Structure formats: structure tokens, C-alpha cells
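Here is a short briefing to read alongside the structure. Have the viewer open and follow the topics in any order you like.

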Amino acid sequence: MPKITFYNLPEDKKETLIHAVMKEFSRVPLYEASITNIIKSANIPRGSFYQYFENKEDAFFFLLNAVVKENKTSFLFMLKKNNGDLFETMIEFFQLIIREDENIHFLKNTFLNMTYKIETTFARSFTEEEMNEAFKEFCTEIDKSKLNISDNSELIHVLQIITAVTFRNIVAKYSRDISYEEAIENYIKEINFLKKGLYHN
């Protein structure tokens, strides 16, 4: 987490620093990133960087957590808009994640250089203890009558399976550099397999 001095910065200086951090982690993945580039872009001394962050990992995960928080808000909004339909929401959410916007290069570098800590940060809503706040909020909005589950513990497993499929498709999109349309088509096929079930009765 950033140090208290970061949060005490004037908003314009804070935004300049965040922009510099995003620029560097959009250029290269975490392990290749350079604090020198960040401080040059933000026009601050090296010592100031360490007044705000412990190291470049601290800066990266601050940024990643901000993106994840924004995505959680978007996911919940979509879930409500889709009347709790988990599958329709996941398709819409996947489209949001892979769209070409200001975060695209940051997300590409992040997904193509996934570590356990990064994956855990992304999937925290579905992998922590059952009663974490995000899960409780999602659980309230998901229309469980459409799912073949008996309780919330099974819902967690369903969410973990869907998350794994989603991550794999995001990585496939970026690593194979396939088009947006093809990525959506592939994802919908796999989501429909999960929706209908794989076993033919």
C-alpha cells in the first residue's frame, strides 16, 4: 500500500504520479519496469518516490487494486442491469476487460505476466472466504434460481470455474493477438458450454 505521504499529496501531483506509474507499467511488465522512468515522467526526485511507495511492486499493486476496484463496480452494475443473470453479465464483463481503452496495455502486460499474487488480486472476490464483502454483495444480486447449485459454497466454486475460463480467454486474446470479435466469439462458446453443461443426457 502507498505511504500516508502519497495520500497527502495535492490531487494534481497525485494524478501526475499515478499517470507516470500507469505509463511505465503499460510500457513493460512489472519485472522490467524502471523507477527511473517513473520519476522522470512524474518529474520528482528518486527520494520522493520512496516517500510515496516502498518499491515498484508497491506502486504496481496500488494501480492494480484501483483497476480491480473499478472492475468490481462495473461488474455489479452489469449484474443488476442483467437482472442477476451471471452468464450474460460475464459476457458483458469480458467485453469490457478486452476493449481498447486507456488501460489496455497495462492489462495486457499484467495478464501476459501473471503471477500467483497478481491472479489472487484479480480474483479476490471469488476466492477469499465465503463471507467477504464483495462475495456477499455479488451473491445478493445473482439470480441463483437459474443455476444448478444448492448453496453459497457451491456458488463460490461456480464463480471460480467461470473466472478460470475468463482468465484463460483474456490471456489467449493478448498472447495470440486475436481480434476483439474472435475473442468474444470464443468466450461465448465456452460460456455456453458451461451454461448448458458438457454431459449429453
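Helices here are DSSP runs of H or I with at least four residues, strands are runs of E with at least two, and both are numbered from the N terminus. Read that way, the protein runs α-α-α-α-α-α-α-α-α-α-α from the N terminus on. Please keep in mind that this is a predicted model.

**Overall build**
- The protein has 11 helices and zero strands.
- Its C-alpha trace spans about 65 × 35 × 30 Å along the principal axes.
- Two domains make up the division of the chain: domain 1 covers 4-58 and domain 2 covers 65-198.
- Between the C-alpha centres of domain 1 and domain 2 there is a distance of 29 Å.

**Where the two domains meet**
- On the domain 1 side, seven residues are in contact with five residues of domain 2.
- The area buried between domain 1 and domain 2 is about 520 Å², with 62% of it on carbon and sulfur atoms.
- Of the area that domain 1 buries against domain 2, 67% comes from Met22, Ser26 and Pro29, more than from any other three residues.
- What kinds of contact link domain 1 and domain 2? There are two residue pairs in polar contact, both at pLDDT 80 or more, while the count of salt bridges between these domains is zero.
- The side of domain 1 that touches domain 2 is made of five nonpolar residues, one polar residue and one charged residue.

**Regions marked in UniProt**
- An unreviewed UniProt entry assigns "domain: HTH tetR-type" to residues 11-71.
- That span, residues 11-71, is 79% helix and 0% strand, and its end C-alpha atoms are 22 Å apart.
- The feature "DNA-binding region" is placed by UniProt (unreviewed entry) at residues 34-53.
- Residues 34-53 are 75% helix and 0% strand, with 14 Å between the end C-alpha atoms.

**Salt bridges**
- Side chains of opposite charge can pair when their charged atoms come close.
- How many salt bridges does the structure hold? There are seven.

Terms used:
Residues are numbered from 1 along each chain as its sequence is written. This is a predicted model: local features need pLDDT of at least 70, side-chain atom pairs count only at pLDDT 80 or more; totals for chains, interfaces and linings use all residues. Side-chain values use heavy atoms; hydrogens and water are left out. Domain bounds come from an automatic or database domain assignment. Contact means heavy atoms within 4.5 Å. Buried area is the accessible area (1.4 Å probe) that two parts lose on being put together, summed over both. A salt bridge is a side-chain nitrogen of Lys or Arg within 4 Å of a carboxyl oxygen of Asp or Glu. A polar contact is a pair of N or O atoms within 3.5 Å; within protein, one must be able to donate a hydrogen and the other to accept it, and residues adjacent in sequence count only if both atoms are side-chain atoms. Ala, Val, Leu, Ile, Met, Phe, Trp, Tyr, Cys and Pro count as nonpolar, Asp, Glu, Lys and Arg as charged, and the others, Gly among them, as polar. UniProt positions are given in the numbering used here, feature names are shortened, and annotations may be inferred rather than shown by experiment.
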